[in-house]
Amino acid sequence: MKTGTEKLFMKGNEVMSEAAIRAGCRFFAGYPITPQNEVPEYMSHRMPEAGGIFVQAESELAAINMLFGASATGARCMTSSSSPGISLKQEGISYIAGAELPCVIANMQRGGPGLGNIRASQGDYFQATKGGGHGDYHLIVLAPSTCQELWTLTMNAFDYADRFRNPVMILGDGILGQMAEPVEPTPYEPVCELPDKDWILDGCKGREPRVIRSLYLRPAEALAEHNRHLHAKYDRIRHALPRAEEIAVDDARLVVSAYGMTARIAGGAVHEARRRGMKVGLIRPITVWPFPEEPFLRAAEHARQFLVCEMSEGQMIEDVRLACQYRRPVAFYGQGGGWYPTPEKIFERIAVLYEECR
Amino acid sequence: MNDSETRIVIAGFGGQGVVLTGNVIARAAMIDGRNVTLMVSYGAEMRGGTANATVVLSDGPIASPYVETPDVAIVLNRPSLDRFEPVMAPNGHVIVNRSLIDRDVEREDLTVTSVEATSIAHELGNVRATNMVAMGAFAGATKLVGAEALAEAVRLAFQEKSAKLVELNTRALHAGLDAVTS
Amino acid sequence: MRFARPETLYDVPTHYCSGCGHGITHRLVAQAIDDLGVRERVIATAPVGCAVLMYDYFNCDVIECAHGRSPAAATGLKRCLPDRIVFTYQGDGDLAAIGTAETIHAANRGENITVVFINNAIYGMTGGQMAPTTMIDQVTTTTPHGRDARLQGPPIRVCELLSSLDGVAYLERVAVSTPRDVIQAGRAIKKAFQYQLDGKGFSLVEVLSMCPTDWKLPPVKAAEFVNEKMKRVFPLGVYKDKG
């Protein structure tokens, strides 16, 4: 049986685009930037086929603001970019978060800062999880590590966005966007209950006019009240959404943690360590905001040490330290600027640290 | 790291169809029901000079789509051999397009399959099928992907372009297979 | 023209200064929407600038946009709901400085939206700084010796700038500084909305408007300033009409 033929075989960027369309995304605006150019290219032909709208915007700034308008009409909408372009979008992301509009933003991260390079990177973790734009807000941030997971999480992203009226970021990287592997095109099923969109702007026929805004000038305490409202929502998200995959953590003396592409590569190293009888586990955050703290706290009970791997100089490591409440040392292996790890190199690092854990 | 994992690089100059070759091998592996990843050099990296595609085959999960030390290399031109020979895994296997590569492989641990890919493609009527001849030689020499699955993947890759291209590239695939098995 | 309050405006006092042109222009926009009977199909975008609170005055759906980004947001609104009537209301900083790219590209794509552009040659809300439309020698809080073309460049003429773009259906510059001008401004605004209803593409009406407070002039003198100074630099008239 040719089991392979029912599967899709496309680059991650295309997998994500198709998943978005299957999840009901009907508006895409974007601007070309390597390594995510396949997204606008794919959307330019698939979106009209699906009865949706594709706009090649004049800038990232315009693209995110087009989403601001599209989302206000209730349409499922998406934009994508890579690091420098995501920086440009930050203004709009802040407004969208403030106005509580659902949308999906993909970042196929590349090397930075500045123009950096076009190789894969994970240097935008802080930007994605700690703010990025101005003001006291959060994105929901999902970090797929395979093309299959990219398919599923892209669909989930639209549901989470609608459920919480909040922008959701898919935090990928240049490798995930550019690599191809077989994907089972599972049908779209809502992952959660989806509330009625009783806030959209579509003309006030038969109802009172509505306003969508992030401006709260009067009375003086209105903005503080709005911030409290947002943070009550973020607390609900913190309660409902944290997700992590745990591999061989239960008896682990050394726990490795990584997200996205790096987690996949680290998984190979952890597998090798187990094969050699070393008690090493992996915690792979799937949501990086909200950060899945509980598995780390639990692992800190028995693990002697943590090792965080990132394609950066160390960003998620701060969340790991907080999550395990500084109960155990947290080592780091990683590098920024478009570097990527190999399973062999991570294993070497594991082997050294494991000696210290015995 | 994974015993069932095979890391393959396909390299040549831009226009020799290395990306397409990687795609066809990966799709064939998929048809065979194996796990596979394909990674292609992108962006400014691919302007001019050599292009390469990397394919990782495995029966288990694939950790990284990148290939640092290829187990198998299909090299279509001299610069690609120069670049990849030194980084090949010990006892690796190199498929050499002898028509365009005027030197021998120096490392003694490597298995070498030589094929006059460009000459054979020329005889078939189109030198652009060089990649498919080399791919056939790769399949015949390494048995890493099934010939039937490859033929199906070739058909899938070219059917939208023309029946003539399906026919040419299928013949090229078989010519490559025959060149190393006869 | 009727003298009753248009249904598209709420019966509330505005925060605008005495002699400001926003109130008149709001009224003209609301009247056009009433006359065309489309209030329940309208989605407006509010700018950043003195009209930032226009959603408190307009009795229709409104989205408050980031500074200068209204044409992009309007693109998203209109593309998703092509049978709704989408208009942006923007000042000179919003439209011709920080949002120049969004303006030009929405116009060039021929987005089927209507833009009401208030040009008062100064930044009102932030307290009287130079606008892209500030005239040569005009004193502002950031051009204390008057705008100097060698340092700040000359003023941007938006209608002239956009008139070369094929996507644009209708461009007219009007004023609200005399009763006759107000009547013509009302006609132009209504025509711009009619063009959108007819699916003709991008329409923009530039309104020369008074800012007595930041010009530091009494209202009557401010109207004279429009008539005597601004109309020379920004001639009234139709700059493009695809018909």
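**Helix packing and chain contacts in a predicted model**

User: At roughly what angle do the axes of helix α1 and helix α2 of chain A cross?

Analyst: In this predicted model, the axes of helix α1 (residues 12-22) and helix α2 (residues 38-49) of chain A come within 8 Å, where axes are lines fitted to C-alpha atoms, for helices over the stretch in contact, and angles run from 0 to 180 degrees between N-to-C directions. Helices (H or I, at least four residues) and strands (E, at least two) are DSSP runs, numbered from the N terminus. The two axes cross at roughly 35°.

User: How do the residues of the contact of α1(A) with α2(A) divide?

Analyst: Two residues are in contact if their C-beta atoms, placed from the backbone, lie within 7 Å. Among the residues making this contact are A:Met16 and A:Ile21 of α1(A), together with A:Tyr42 and A:Arg46 of α2(A). Ala, Val, Leu, Ile, Met, Phe, Trp, Tyr, Cys and Pro count as nonpolar, Asp, Glu, Lys and Arg as charged, and the others, Gly among them, as polar. The contact divides into six nonpolar, two polar and four charged residues.

User: Which element gives the largest share of the side of chain A that touches chain C?

Analyst: In this contact, 31 residues of chain A meet 28 residues of chain C. At least two residues each are supplied by β3 (53-56), α3 (60-72), α4 (83-99) and β9 (211-212) of chain A, and the whole side divides into 18 nonpolar, seven polar and six charged residues. The largest share, nine residues, comes from α3(A).

User: Which residue of β2(C) does A:Ile212 stand opposite?

Analyst: Strands pair if DSSP finds at least two bridges between them, and β9(A) pairs over two bridges, in the parallel sense, with strand β2 (residues 61-64) of chain C. Within β2(C), the residue opposite A:Ile212 is C:Ile63.

User: Which element gives the most to the side of chain A that touches chain B?

Analyst: This contact takes 27 residues from chain A and 22 residues from chain B. Elements of chain A that each supply at least two residues include α7 (174-178), β8 (180-183) and α12 (343-357). With seven residues, the element that gives the most is α9(A).

User: What ipTM does the predictor give the complex?

Analyst: Residues are numbered from 1 along each chain as its sequence is written, and chains are lettered from A in the order in which they are written. Local features need pLDDT of at least 70, side-chain atom pairs count only at pLDDT 80 or more, and totals for chains, interfaces and linings use all residues. The predictor gives the complex a pTM of 0.95 and an ipTM of 0.96.
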